[in-house]
Amino acid sequence: IFFERTMDLVDACGASVKSDAVASDAELRAATPRAVLQRQDSVGKRVSASKTKHTYSFAIGSRLHEVIVDLSKWSGKRTLTVDGERIQGFKRSHSVTLPGAHTLDVRVESKYMGVRPALYVDGTKFKRLPLHRGRRASEPPPSREPEPLAITKGRLLASAKRRAAIASIVPETLHERTLEVIHQASEDGYDLDRALQKFDGRTPCVVVVEASDTVFGCFLGRVPTVNERRRIDTSLFCGERAFLLVERPDSGFINCKRTPAFLAIGLDAATGGAAFRLDADLAAGWSDASDPFGSPRLHGRDAGDFSVDD
């Protein structure tokens with residue numbers, strides 16, 4: 001098992017989108033809003049973690065928009081900032097029309113044990129937006145396959161076609177980067193937690209497994225913390241084939257989850273299965289066929305479980 005990272009990286013969800021790019025009104029009207037980043041941070045000036053900061057980034061054509069909602073845990077004060085401009089008098093909701101006649105609605109909704117912000121673009125909730133993958137939403141996919149990612153070492157990724165498959169599922173901002181082996185289980189230990197602790201919360205990761213004479217794995221836009229609930233950009237590969245998240249079910253689907261017992265991609269809450277799951281001891285795992293990724297069982301066997309060869 002190899003855990004790789006790309007060197008000299010930008011933020012993982014990445015976005016090569018330039019907010020100062022000039023776009024025509026027609027281009028913006030035709031563009032589909034795409035989610036780039038969602039994060040939640042606990043902050044506070046006088047009292048630590050007295051305020052929760054929610055940050056959302058999304059792209060419309062060549063424009064990148066950022067929305068920040070600050071919620072005070074003690075005073076109840078709420079602030080909203082849209083593209084760097086503080087919205088005066090924000091309390092429960094705010095609506096604005098963006099360039100290209102797109103609508104943005106920000107609300108504070110009551111949830112169990114408190115309140116949370118909810119963001120809607122053109123009536124679609126943020127977590128339902130299609131994911132941005134490093135190109136302008138109005139641009140067609142590239143006409144040729146990306147070049148294989150460069151690598152410092154690593155037997156499992158010696159195949160240029162395999163590295164080309166991985167290049168097709170990572171953001172285009174990473175195509176010029178080099179894969180660097182951070183943790184090799186046979187040399188550094190069969191311990192998932194030890195391997196993932198070598199990554200910070202912003203660096204993308206490629207997990208590579210050999211099982212049943214097949215090499216497969218996943219791309220993570222960043223390494224999640226244990227039991228983290230924020231969405232993470234993920235994709236899968238098997239041999240020389242790549243599988244992007246092609247649809248996001250309305251409910252019962254978790255694109256990435258890390259617990260003390262496993263790391264899983266494409267969890268199905270109804271069945272308990274996963275498109276790719278790797279156990280904490282790095283000795284075994286599970287893979288089911290996944291409709292959201294359009295992927296088969298990655299190891300190619302009839303049964304879901306697999307034992308790791310390397």
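**Buried elements, aromatic pairs and salt bridges**

Y56 is buried, with a relative accessible area of 4% (buried means under 20% relative accessible area, exposed over 50% and partly exposed in between, with a 1.4 Å probe and protein chains only). The model is predicted, so local features need pLDDT of at least 70 and side-chain atom pairs count only at pLDDT 80 or more, while totals for chains, interfaces and linings use all residues. Residues are numbered from 1 along each chain as its sequence is written, and side-chain values use heavy atoms, with hydrogens and water left out.

A search of the whole structure finds four aromatic pairs. Rings of Phe, Tyr and Trp (its six-membered ring) pair if their centres lie within 6.5 Å; planes under 30 degrees apart count as stacked, over 60 as edge-to-face and the rest as tilted. One of the pairs joins Y56 and F126, which are edge-to-face at 5.2 Å centre to centre with 70 degrees between the planes. This pair links distant parts of the chain, 70 residues apart: Y56 is in strand β3 (residues 51–60), and F126 is in the loop between β10 (124–125) and β11. Helices (H or I, at least four residues) and strands (E, at least two) are DSSP runs, numbered from the N terminus. F126 counts as buried at 2% relative accessibility.

The rings of F216 and F276 also pair edge-to-face, with centres 6.0 Å apart and planes at 90 degrees. F216 belongs to strand β14 and F276 to strand β19, so the pair ties together parts that are 60 residues apart in sequence. Elsewhere, the charged end of R107 sits over the ring of Y120, 4.1 Å from its centre (NZ of Lys or CZ of Arg within 6 Å of the ring centre and within 35 degrees of the ring normal).

Strand β19 (residues 274–279) is largely enclosed by the rest of the structure, because five of its six residues are buried. Two strands pair if DSSP finds at least two bridges between them. Strand β18 (residues 262–268) runs antiparallel to β19 and is joined to β19 by five bridges, with L263 opposite L278. Five residues lie between the strands of this hairpin, where G272 takes a positive phi near 80 degrees. Two bridges join β19 to the antiparallel strand β20 (residues 284–286), in which G285 is the bridge partner of L278. The hairpin of β19 and β20 has four residues between the strands, and L282 in the turn has a positive phi of about 55 degrees.

Helix α2 (residues 160–167) is mostly covered, with six of its eight residues buried. The buried residues are R162, R163, A164, A165, I166 and A167. Elements covering them include β13 (205–211) and β14 (214–220), where contact means heavy atoms within 4.5 Å.

Six salt bridges are found in a search of the whole structure (a side-chain nitrogen of Lys or Arg within 4 Å of a carboxyl oxygen of Asp or Glu). Among them, E210 and R155 meet at 3.0 Å, N to O. E210 in strand β13 and R155 in the loop between β11 and α2 are 55 residues apart, and E210 is buried at 17% relative accessible area. R222 and E228 form a salt bridge at 2.6 Å, N to O, and both are buried. R277 and D279 form a salt bridge at 3.2 Å, N to O; R277 counts as partly exposed at 22% relative accessibility.
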